[in-house]
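Let's take a friendly walk through a protein model, one piece at a time. Keep the structure open beside you as you read.

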Amino acid sequence: MKAVGGNVTLSDGGKLLLERLQSQSETPLWVLAWGGTNVLAQVLYKIHQNYSSEDAAAMRSKLRVYAISDQDDTGPWIRRNYPDIFYISSTHGWNQYGMATWIAISGETYYNKDEGVPNSTTVTHEWLRDNIQIGPYGSVAYPDFKFIMEGDTPTFLYLIQNGLGDSENPGYGSWGGRYTKVDPSTAVDYNHYSDAADRVVGCNNKTFSSNYATIWRWRDAYQNDFAARMQWTLPANSSMANHHPVVSVNGSKELAAFKVTAAAGSTINLDTAGTYDPDGDKLSYNWFQYEEPGSDDWNVAGQVPALNLTTVQNGQQVQVKIPASEDSCNGKGDNPSGCWLLHLVLEVKDNGIHPLTTYRRVLIQTTNQTIST
């Protein structure tokens with residue numbers, strides 16, 4: 001907070017941030033904080049000083065913050081004074097970074113959290129030397145890590161457009177983790193999102209429920225993605241370059257979620273016709289229900305209505321049986337009618353040298369009403 005106050009001059013970074021917030025663009029402005037947030041705090045202080053409450057609130061409404069924990073005293077100050085700001089950050093005691101979700105990017109051994117559960121082979125010095133510290137770029141720009149590898153990267157992975165996450169909905173889950181509101185009440189517009197848990201089967205075939213699982217469950221995919229992108233920096237190895245599958249669901253190739261309304265007890269059919277790989281690689285298809293985004297309960301076992309999936313043609317088509325009304329519309333869903341919004345995820349992976357994955361999320365809003373087809 002020594003960098004925040006009426007007599008403090010904005011840094012060049014602060015001036016740029018203020019300039020972007022003053023623009024007429026309605027596009028959200030993401031601030032990814034890999035250290036302290038005093039630059040953001042000083043800009044918010046200046047806005048509070050120099051603008052009307054209405055204009056200041058409008059500028060704050062553009063902000064989206066994802067901070068790698070609180071690394072100085074300005075993060076709590078921001079959330080306390082401006083609770084309306086969309087703000088993702090693990091909440092834990094000061095300097096207790098091992099409690100934070102982001103350590104799951106690679107830190108299970110260093111922090112002794114969920115050790116032996118995720119695949120740790122792709123977060124070692126040896127793997128980095130073979131796959132990342134290569135060529136004129138990787139050999140210079142990517143040094144050996146001292147603590148853990150890529151500790152700040154979940155903020156960036158959260159914004160990767162791969163069909164899995166929705167940046168406006170932290171509770172949906174993505175390579176950057178999954179977060180839910182600390183205070184879900186509507187009495188106060190409090191937009192702090194913090195740790196949520198996923199239930200995931202680890203390498204030891206045991207099920208783990210933890211906030212760390214919301215990131216390490218995707219590790220094979222995001223590390224292969226990292227390695228494949230490094231190959232793009234090596235023109236001499238163009239034959240080894242791999243590119244992401246293009247996924248189509250019922251004719252739609254957008255990366256945004258595919259939305260369906262389905263009556264309780266009905267069956268819907270989803271088809272991936274039109275899906276292809278730019279390199280001509282063989283594709284594999286995996287459909288699964290992502291239960292955790294459907295509930296705010298940390299342990300969703302038996303809480304979220306289960307979809308019945310029947311795959312056809314090695315997963316290229318799937319029949320989805322919607323649970324009966326006593327389960328789909330039991331009054332516990334988020335919809336005003338008490339019906340559940342259920343999350344179905346399709347993973348399409350190629351068989352390139354570094355296999356790449358593209359996703360498509362299907363949002364199924366259940367209803368008691370008969371839906372015409």
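What follows looks at a helix, then at salt bridges, and then at a disulfide.

A word on the ground rules: this is a predicted model, in which local features need pLDDT of at least 70 and side-chain atom pairs count only at pLDDT 80 or more, while totals for chains, interfaces and linings use all residues. Residues are numbered from 1 along each chain as its sequence is written, and side-chain values use heavy atoms, with hydrogens and water left out.

Let's begin with helix H2, which covers residues 38–50. The names of helices (H or I, at least four residues) and strands (E, at least two) come from DSSP runs, numbered from the N terminus. H2 has 13 residues, and from its first C-alpha to its last it reaches 18 Å, close to the 18 Å expected at 1.5 Å a residue. That expected span is 1.5 Å times one less than the number of residues in the helix.

Which residues of H2 are buried? They are Leu40, Ala41, Gln42, Val43, Leu44, Lys46 and Ile47. Here, buried means under 20% relative accessible area, exposed means over 50%, and partly exposed lies in between (1.4 Å probe, protein chains only). The cover over these buried residues includes helix H1 (12–22), helix H3 (53–60), strand E2 (63–67) and helix H4 (74–81).

Now to the charged side chains. Side chains of opposite charge can pair when their charged atoms come close. A salt bridge is counted when a side-chain nitrogen of Lys or Arg is within 4 Å of a carboxyl oxygen of Asp or Glu. By this rule, the count comes to 9 salt bridges.

One of them joins Asp84 and Arg60, with the closest N and O atoms 3.1 Å apart. Asp84 sits in the loop between H4 and strand E3 (86–88) and Arg60 in helix H3, so the pair ties together parts that are 24 residues apart in sequence. Asp84 is partly exposed, at 21% relative accessible area, whereas Arg60 counts as buried at 13%.

Another salt bridge is formed by Asp198 and Arg217, whose closest N and O atoms are 3.0 Å apart. This pair links distant parts of the chain: Asp198 is in strand E6 (residues 198–201), and Arg217 is in the loop between helix H9 (213–216) and helix H10 (219–231), 19 residues apart. Asp198 is buried, with a relative accessible area of 0%, while Arg217 is partly exposed at 23%. Arg178 joins in too: Arg178, Asp198 and Arg217 are linked in a network of salt bridges.

Next, look inside helix H10, where Asp225 and Arg229 lie 4 residues apart, about one turn of the helix. An α-helix has 3.6 residues a turn, so residues three or four places apart point the same way. The side chains of Asp225 and Arg229 meet in a salt bridge (2.4 Å, N to O). Asp225 counts as buried at 6% relative accessibility, and Arg229 is partly exposed at 34%.

Finally, how many disulfides does the structure hold? It holds 1 disulfide (a pair of cysteine sulfur atoms within 2.5 Å). This disulfide joins Cys329 to Cys339, S to S 2.0 Å. The link of Cys329 and Cys339 is right-handed, with 110° about the S-S bond. Both cysteines lie in the loop between helix H11 (325–328) and strand E13 (341–350), so the pair ties together parts that are 10 residues apart in sequence. Cys329 counts as buried at 14% relative accessibility, and Cys339 is buried at 0%.

How values were computed:
Contact = heavy atoms within 4.5 Å.
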